[in-house]
Amino acid sequence: MQINPLTEAQSGDVFLFARSNSIFNLAINIKTWSRFTHCEVAMRDANGWLVMAASRNGLGVSLYDPDLKGLALIMRPVMPFDQAAALEWFATVSGHGYDWA
């Protein structure tokens with residue numbers, strides 16, 4: 001079943017990306033033995049807008065507007081997602097740089 005990620009994604013959904021536009025993504029494919037090169041967690045803000053919790057290459061750890069380029073799969077957890085607890089933890093890493101290691 002296909003959904004519109006921008007309107008139907010729920011907080012806690014995991015977006016998996018398969019991007020092949022760089023040598024770094026190829027390295028991630030080889031290192032992880034996966035076709036996926038990146039993941040982000042969907043969250044809904046107080047107004048219901050979709051934001052993505054992620055560490056983006058060159059930008060670091062933060063909440064971002066959705067960028068669906070290379071989106072390959074969306075996974076929905078079966079356990080309830082505690083967004084408040086997730087954001088509390090996320091605040092401890094927000095602002096950190098992207099960590100290749």
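Q: Why is Ile23 called exposed?
A: The model is predicted, and in it Ile23 has a relative accessible area of 60%. Exposed means over 50%, so Ile23 is exposed. Ile23 lies in helix 2, which covers residues 23-32.

Q: What makes Ile23 part of a nonpolar patch on the surface?
A: Nonpolar side chains are joined within 5 Å, provided that their residues have over 30% relative accessible area and no salt bridge. Ile23 forms such a patch with Phe24, Leu26 and Ile30, and together they have about 420 Å² of accessible area.

Q: Why is one side of strand 4 and of strand 5 left without a neighbour in the sheet?
A: The open sheet has five strands in the order 4-3-2-1-5, with antiparallel pairing. Strand 4 (60-64) and strand 5 (71-75) each have a single partner strand, so they stand at the edges. From one strand to the next, the twist averages 25°.

Q: How do you know that strand 1 and strand 5 pair?
A: At least two bridges are required, and strand 1 (residues 14-17) is joined to strand 5 by four bridges, in the antiparallel sense. Leu16 has Leu73 of strand 5 as its bridge partner.

Q: Why is the pair of Trp89 and Phe90 called tilted?
A: The count comes to one aromatic pair. The ring centres of Trp89 and Phe90 are 6.4 Å apart and their planes stand at 55°. Centres must lie within 6.5 Å, and planes under 30 degrees count as stacked and over 60 as edge-to-face; the pair is therefore tilted.

Q: Is Phe90 buried or exposed, and why?
A: Buried means under 20%; Phe90 has a relative accessible area of 9% and is therefore buried. Trp89, at 53% relative accessibility, counts as exposed.

Technical notes
Residues numbered from 1 in each chain as written. Predicted model: local features only at pLDDT ≥ 70, side-chain atom pairs only at ≥ 80, totals over all residues. Heavy atoms only, no water. Patch = residues over 30% accessible without salt bridge, like charges linked within 9 Å, V, L, I, M, F, W, Y side chains within 5 Å. Areas by Shrake-Rupley, 256 points an atom, 1.4 Å probe, with all protein chains shown as cover. Salt bridge = Lys/Arg side-chain N within 4 Å of Asp/Glu carboxyl O. Helix = DSSP H or I, 4+ residues; strand = E, 2+ residues; numbered from the N terminus. Buried < 20%, exposed > 50% of the residue type's maximum accessible area, 1.4 Å probe, protein only. Axes fitted to C-alpha atoms, helices over the stretch in contact; angles between N-to-C directions. Phe/Tyr/Trp six-rings, centres within 6.5 Å; stacked < 30°, edge-to-face > 60°.
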